[in-house]
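I opened the model to look up a few helices, some loop residues and a pocket, and I kept my notes in the order in which I looked.

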Amino acid sequence: ASLARQNLERALLIDNGLSGAYASLGRVEALLSNHEEALSHYNKAISLNESLVDVHIWRFLSMNRLGRYADAMDALYRAAELDPTLPVILHNLGYEKSKRGQYDAAREYFTRLINAEKDNPLGYRGLAAASAREGNYVDSLVQWGLALQLSPETPLYQRSYREALYKLTM
């Protein structure tokens, strides 16, 4: 991380208009859990190039880590404006809606993800978790099963499928 930071800072000394260098520097800081510093770099990157979808997503993640949920959602919504079909955006929007008990909205995002990428287990994972939060363990089991079919080696899907099955047998 130290070497990456040094190289990025050198690049910015040569040309301080490199939005990608600021974005990467922010990513380095976020990986080191320096989220305030990361946000500073992300904001600079966005000021140079507003259309950096990944940077808006990274801002969402850092602000979430800092407990700045309203600002985090603003960043996620901005990313969705730039690319409304990106799976990571659809998944995070669905997850955040589910977390807040907005299950219909969550299902809408997860369904859009499934329709956009039928082989991506994230949509089914999201539907499964939302159904479990609602207490609908039958649907949760079905959705975990679909996620598991697409990604049979994923330990989370294996464990979650077993947990949903266990809850149904109680």
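I began with the side of α7 turned away from its buried face, where I found the exposed residues Asp104 and Asn115. For helices I use DSSP runs of H or I with at least four residues (strands are runs of E with at least two), numbered from the N terminus. I call a residue buried under 20% relative accessible area, exposed over 50% and partly exposed in between, with a 1.4 Å probe and protein chains only.

Before going further I noted that this is a predicted model, in which local features need pLDDT of at least 70 and side-chain atom pairs count only at pLDDT 80 or more, while totals for chains, interfaces and linings use all residues. Residues are numbered from 1 along each chain as its sequence is written, and side-chain values use heavy atoms, with hydrogens and water left out.

I then listed the buried residues of α7, which are Tyr103, Ala106, Tyr109, Phe110, Leu113 and Ile114. They lie on the same side of α7 because they cover an arc of only 140° around the axis, the arc being that of the directions from the helix axis to the C-beta atoms. Among the elements that cover these buried residues I recorded α5 (69-82), α6 (87-99) and α8 (122-134), where contact means heavy atoms within 4.5 Å.

I also checked the length of α7, whose 14 residues (103-116) reach 20 Å from the first C-alpha to the last, close to the 20 Å expected at 1.5 Å a residue; the expected span is 1.5 Å times one less than the number of residues.

**The loop between α7 and α8**

Which residues does Asn120 touch, leaving aside its neighbours within four places in sequence? I found Asn120 in the loop between α7 and α8, and its contacts beyond those neighbours are Pro87, Leu113 and Leu150. Asn120 counts as buried, at 13% relative accessibility, and its side chain reaches the backbone nitrogen of Leu122 at 2.9 Å.

Lys118 has its place in the loop between α7 and α8, but at 53% relative accessibility I had to count Lys118 as exposed. Apart from neighbours within four places in sequence, Lys118 is in contact with Tyr124 and Leu150; Lys118 and Leu150 are 32 residues apart in sequence and 9.3 Å apart in space, C-alpha to C-alpha.

**Helices α9 and α10**

For α9 I noted the buried residues Ser140, Leu141, Gln143, Trp144, Gly145, Ala147 and Leu148, which pack against α8 and α10.

In α10 I looked up Tyr157, which is buried with a relative accessible area of 5%. Leaving out neighbours within four places in sequence, its contacts include Pro121, Arg125, Trp144 and Ser151.

**The largest pocket**

Last, I turned to the largest pocket, which is lined by 16 residues, with Arg125, Ala129, Trp144, Leu156 and Ser160 nearest its centre. A pocket here is an open set of points on a 1 Å grid over the protein atoms alone, where a 1.4 Å probe fits, with protein on both sides within 12 Å along at least five of seven lines, and lining residues have an atom within 4 Å of a point. I recorded that α6, α8, α9 (137-150) and α10 (155-169) each supply at least two lining residues, and that α10 gives the most, with five.

Conventions:
Polar contact = N/O pair within 3.5 Å; in protein donor to acceptor, adjacent residues only side chain to side chain.
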